[in-house]
Amino acid sequence: DQGWRKRPSGTTWTKNGQDFDPYQDPRLITLHDSGTFIIPNNGNLTEFQGNYRCFATNKLGTAMSEEIEFIVPNIPKFPKEIIDPIEVMEGQSVILECNPPKGIPPLQIYWMTLSLQHIEQDERVSVGLNGNLYFSNAIETDSRRDYCCFAAFPRIRTIVQKTAMSVVVKSTNSLLERKPSLLTPTGKESHTYLVKGEDLQLECIAEGFPTPKVEWVKIGFHKLPERAVVESHGKLLTIEMVNEEDEGKYMCRVKNPHGEVVHYFHVSVEEVPTSNRKILKDGTISIHNAKPENSAVYQCEATNKHGTILVNANIMIMSNPENDPVGLWLHRSKTDSANSVEGERFSVYKNGSLEIHNVMKEDMGEYSCFAQNTEGKVAIAATLEVKDPTRIVDPPHDLRVLVGTTIQFSCQAEFDPSFGDDFEILWEKDGMTLNGSENARYILDDGVLEIINVSFGDQGFYVCVARTPVDQDMAVAQLSVVDVPGPPEDVVLSEHNGRSVKLQWIPGDDHNSSITKFVIEFEESQHEPGSWREMMRVPGNHHFALLNLHGHVDYRFRVSATNEVGRGRPSQATERYKTPASAPDKNPENIKIEGHLPHEMDLNWEPLSPIEHNGPGLEYKVSYRRQGTGEDWTEHMVKRHSFVVKNTPTFVLYEIKIQAKNHAGWGPDPEIITAYSGEDFPSAAPENVAIDGMNNTMVKVRWDHVHKDKLNGHLGGYRISFWRLRSLLNSKKTHGDKHTLTFSGERNHTVITGLRPFSEYSLIVMAFNSRGNGPGSHPISFQTPEGDVLSGCQHSMQCPQEIIHGGISNQGWFIGLMCAIALLTLIVLIACFVNRNKGGNYVSHVLHSDDEKPLKSSQHSLNGDLKGGDSGDSMVDYGDEDAHFNEDGSFIGEYSGRKERVSMEIKGNNQSTA
């Protein structure tokens with residue numbers, strides 16, 4: 001926002017943008033003949049907090065002061081808190097947080113003891129910009145109970161103290177060395193934004209052992225800016241009063257003998273608000289036909305996100321002296337026309353110099369200056385050439401690639417075509433020029449840098465420089481190479497304690513991908529020598545593990561690391577460590593109990609693996625007793641993983657437990673499980689078997705369940721066996737194939753389908769268990785009702801053979817009737833033949849089945865009056881042909897016609913069930 005005011009006489013005030021009159025508030029002290037007022041400290045200062053501005057006015061205009069912010073600060077205080085002691089192993093890092101209260105800056109942090117002795121800082125111990133106290137690695141002398149953070153606020157003359165903190169450093173016999181990692185800042189990169197003129201402070205504090213050292217680099221430059229200062233034992237980079245030249249990428253590299261870690265800072269410097277006294281379109285005040293009375297003080301206020309600035313312009317309008325030299329500039333362009341130089345972009349100074357702002361292509365040409373005064377004339381000429389700026393339009397981009405791949409950086413630029421061959425693109429890495437490199441893996445062609453078979457040595461920042469004889473542009477890209485982690489180093493065993501041991505290691509290089517977990521493997525020399533098996537996994541930020549081991553095993557261990565790329569190679573194996581023998585830690589699992597014979601019970605279990613024996617002489621104690629009888633346990637010691645309990649009652653509930661034992665002692669108390677002894681055949685048959693007829697081919701069977709005491713085992717279900725005894729058309733007995741239907745579970749009824757009409761059947765029902773079938777019920781006979789023979793033929797597309805060979809075919813009257821029909825048929829055929837020879841016609845009626853398909857074995861009717869639903873008993877009788885049964889309980893009925901035989905199978909799975 002910008003505003004201009006001309007200063008009149010008098011003074012006024014505003015508070016928070018609203019008019020404010022200090023003379024109307026009796027609590028304020030005002031000074032006569034002045035716009036000054038005083039706010040006395042009467043205990044109500046907070047009421048006057050706000051932003052104030054003064055305006056002074058006279059006949060020449062109005063001037064305003066800069067905005068004044070009046071703040072009444074509170075006394076900063078640390079919260080009252082109880083801080084638990086911090087316990088660490090020697091060599092580990094420690095962070096003591098200060099978290100100072102808010103107050104009026106500047107803030108100063110001091111770490112001292114309760115006796116006000118300063119905590120000494122060095123490469124290992126330092127205070128960060130955030131006020132925290134950092135230990136890169138702890139030593140025993142760091143143990144103390146009075147670490148205190150003091151926050152000082154000089155402007156209000158206040159120092160506050162945080163609750164004292166206690167640190168306990170535990171000594172260890174094996175101090176674990178490790179590569180550095182950053183405590184602050186976090187991540188791979190960060191961004192810092194500054195206003196021109198502010199101080200830049202970049203900080204890197206790392207942990208590791210030995211204590212790491214810090215180096216600073218500005219990317220794309222061979223050294224740090226001259227004004228850069230490195231302090232705090234190399235951990236802090238400071239540049240006072242930054243400007244645009246200080247922008248760019250900075251890198252801190254922290255390293256020790258075990259590796260290094262880097263962090264990149266992107267620094268941006270922005271301008272503060274400034275007034276513009278040049279003649280511009282925006283923010284410009286122009287006075288046309290200026291006269292002496294236009295002389296005044298003019299003010300301009302400019303604001304942006306960084307703040308506000310107010311500037312004064314004192315303009316005095318005076319007449320030009322006659323003897324000053326007068327300068328005239330002429331511009332001769334490419335068109336050879338000469339014109340006077342004028343316009344907003346051109347400024348001619350008192351000494352005759354010409355300044356051109358925002359130069360354009362059309363400004364090219366010859367410039368001539370003519371100047372004269374009373375002493376004489378002078379003329380000079382100059383030629384101006386304007387070139388297009390060199391600009392990178394397609395800069396290279398940061399890449400993160402897998403080791404061994406091929407990558408390309410592309411750098412495309414625009415430049416003035418007049419330079420022709422004088423334009424070039426150069427590539428640099430870490431200050432070294434790559435153009436003309438003898439490394440065959442680097443290929444440069446037309447602004448493209450290709451690197452073949454990328455290795456970790458190729459990591460870093462690559463600088464592309466587009467250069468002409470008059471200017472250049474530069475772009476930077478970072479190459480990061482990732483791979484599976486390197487193998488951990490210095491894998492050692494410590495704190496040996498019988499069957500437990502501490503395993504420690506130093507992580508290998510994470511290869512630019514954070515380690516997510518470590519996998520610990522073991523190998524033992526007795527049972528499976530040379531075979532490595534996984535023991536456990538720990539998070540990627542853990543560098544040790546406590547291992548609980550089996551007894552009587554000669555171990556060695558190794559560690560591998562995993563990151564987002566995959567699992568790396570394992571470390572070198574540790575020395576061997578043999579544990580003492582001990583009692584088994586567990587008992588057998590997956591116990592399986594079966595009763596294959598009525599008076600036996602088979603026990604089987606999963607044996608302990610060899611490494612789980614924990615010592616020599618492994619045996620199993622098998623204990624069992626009948627449940628609920630109060631009997632003592634019967635015990636047997638066995639070395640195998642099975643046992644047979646003999647002479648058991650049939651299907652009785654037992655309690656069983658199995659305990660492991662070796663020479664060192666017994667395993668834990670075993671869990672008691674229950675199971676039944678062996679089963680025997682059911683000893684009773686189902687009773688009250690009843691049959692209900694449903695139609696001439698289907699019946700419903702019902703029965704009572706066998707009592708559980710008679711099952712002699714777990715009920716498997718019921719089976720029904722039935723067979724056809726005879727046809728009711730003939731007293732001759734026949735025994736059809738037996739059918740058996742099986743039903744699992746507690747079922748007590750079913751429906752049998754596919755029976756033959758007008759037949760007698762016999763049926764029995766029996767229960768079964770895993771041992772087999774029990775006795776069958778008393779056979780029960782039943783009869784199916786008479787059915788319609790002709791309609792039966794039509795429906796099944798079969799005509800039973802017994803129609804021809806059945807009982808009524810033996811009757812004399814039937815033989816006579818058949819002879820008469822045959823004679824009559826012969827006469828009709830002769831008549832038809834004669835009539836046909838005379839050109840006559842007759843209609844033959846064919847009997848069809850329900851689905852409109854003709855029956856192969858049907859005869860032509862003598863007339864069309866016979867219906868499909870008529871009985872047909874006058875023509876045929878039921879035969880006594882045996883039925884053939886399928887195993888699933890269905891059967892096949894066989895019927896015969898006069899000329900051919902057709903059969904149909906009724907599948908058992910078409911039965912309907914109740």
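Trainee: Which residue stands opposite tyrosine 577 in E49?

Mentor: Tyrosine 555 does. Keep in mind that this is a predicted model. Strand E48, residues 554-562, and E49 run antiparallel and are joined by two bridges.

Trainee: In what order do the strands of that open sheet come?

Mentor: The order is E46-E45-E48-E49, four strands with antiparallel pairing. Strand E46 (533-539) and strand E49 (577-578) are the edges. Each has a single partner strand, so one side of each lacks a neighbour in the sheet.

Trainee: What do E5 and E6 form?

Mentor: A hairpin, with two residues between the strands. Strand E5 covers residues 50-58, and its antiparallel pairing with E6 runs over four bridges.

Trainee: Which way do the residues of strand E6 point, and are they buried or exposed?

Mentor: Gly61 and Ala63 point one way, Thr62 and Met64 the other. All are buried.

Trainee: How many helices and strands does the protein have?

Mentor: Three helices and 67 strands.

Trainee: How should I read a nonpolar core?

Mentor: Start with the general idea. In soluble globular proteins, nonpolar side chains tend to be buried together. Now the case here. The largest nonpolar core has 21 residues. Phe409, Trp427, Leu449, Ile451, Tyr462 and Leu479 touch the most other members.

Trainee: Which strands each supply at least two residues of this core?

Mentor: Strands E35 (407-410), E37 (424-429), E40 (448-451), E41 (460-467) and E42 (472-482). E42 gives the most, with four residues.

Trainee: What does phenylalanine 409 touch, not counting residues up to four places away in sequence?

Mentor: Its partners include Trp427, Leu449, Tyr462 and Leu479. Pro396, His397 and Leu399 are also among them.

Trainee: How much of the protein is buried?

Mentor: Buried residues are 39% of the 914. The protein exposes about 52200 Å², and carbon and sulfur atoms supply 49% of that.

Trainee: Which residues form a nonpolar patch on the surface?

Mentor: Leu823, Leu826, Ile827 and Ile830, with about 390 Å² of accessible area together. Isoleucine 827 belongs to helix H3, residues 812-837.

Trainee: And how do I read salt bridges?

Mentor: Side chains of opposite charge can pair when their charged atoms come close. The whole structure has 40 salt bridges. Take lysine 586 and glutamate 612, at 3.4 Å, N to O. Lysine 586 is in the loop between E49 and strand E50 (589-594), and glutamate 612 is in the loop between strand E51 (600-606) and strand E52 (619-626), so the pair ties together parts that are 26 residues apart in sequence.

Trainee: Is glutamate 612 buried or exposed?

Mentor: Buried, at 19% relative accessibility, because the cut-off is under 20%. Lysine 586 is partly exposed, at 26%.

Trainee: What does lysine 502 form a salt bridge with?

Mentor: Glutamate 495, with the closest N and O atoms 3.7 Å apart. Lysine 502 is buried, at 5% relative accessible area. Glutamate 495 is partly exposed, at 46%.

Trainee: Which residue pairs with glutamate 594 in a salt bridge?

Mentor: Lysine 592, with the closest N and O atoms 3.3 Å apart. Glutamate 594 is partly exposed, with 26% relative accessible area. Lysine 592 is partly exposed, with 47%.

Trainee: Which residues are linked in a network of salt bridges?

Mentor: Glu215, Arg253, Lys255 and Glu260 are linked in this way.

Definitions and conventions: Residues are numbered from 1 along each chain as its sequence is written. This is a predicted model: local features need pLDDT of at least 70, side-chain atom pairs count only at pLDDT 80 or more; totals for chains, interfaces and linings use all residues. Side-chain values use heavy atoms; hydrogens and water are left out. A nonpolar core is a set of buried Ala, Val, Leu, Ile, Met, Phe, Trp, Tyr and Cys residues joined through side-chain atoms within 4.5 Å. Buried means under 20% relative accessible area, exposed over 50%, partly exposed in between (1.4 Å probe, protein chains only). Contact means heavy atoms within 4.5 Å. Patches are made of residues with over 30% relative accessible area and no salt bridge: like charges are joined within 9 Å, nonpolar side chains (Val, Leu, Ile, Met, Phe, Trp, Tyr) within 5 Å. Accessible areas come from the Shrake-Rupley method with a 1.4 Å probe; for residues, only the protein chains shown count as cover. A salt bridge is a side-chain nitrogen of Lys or Arg within 4 Å of a carboxyl oxygen of Asp or Glu. Two strands pair if DSSP finds at least two bridges between them.
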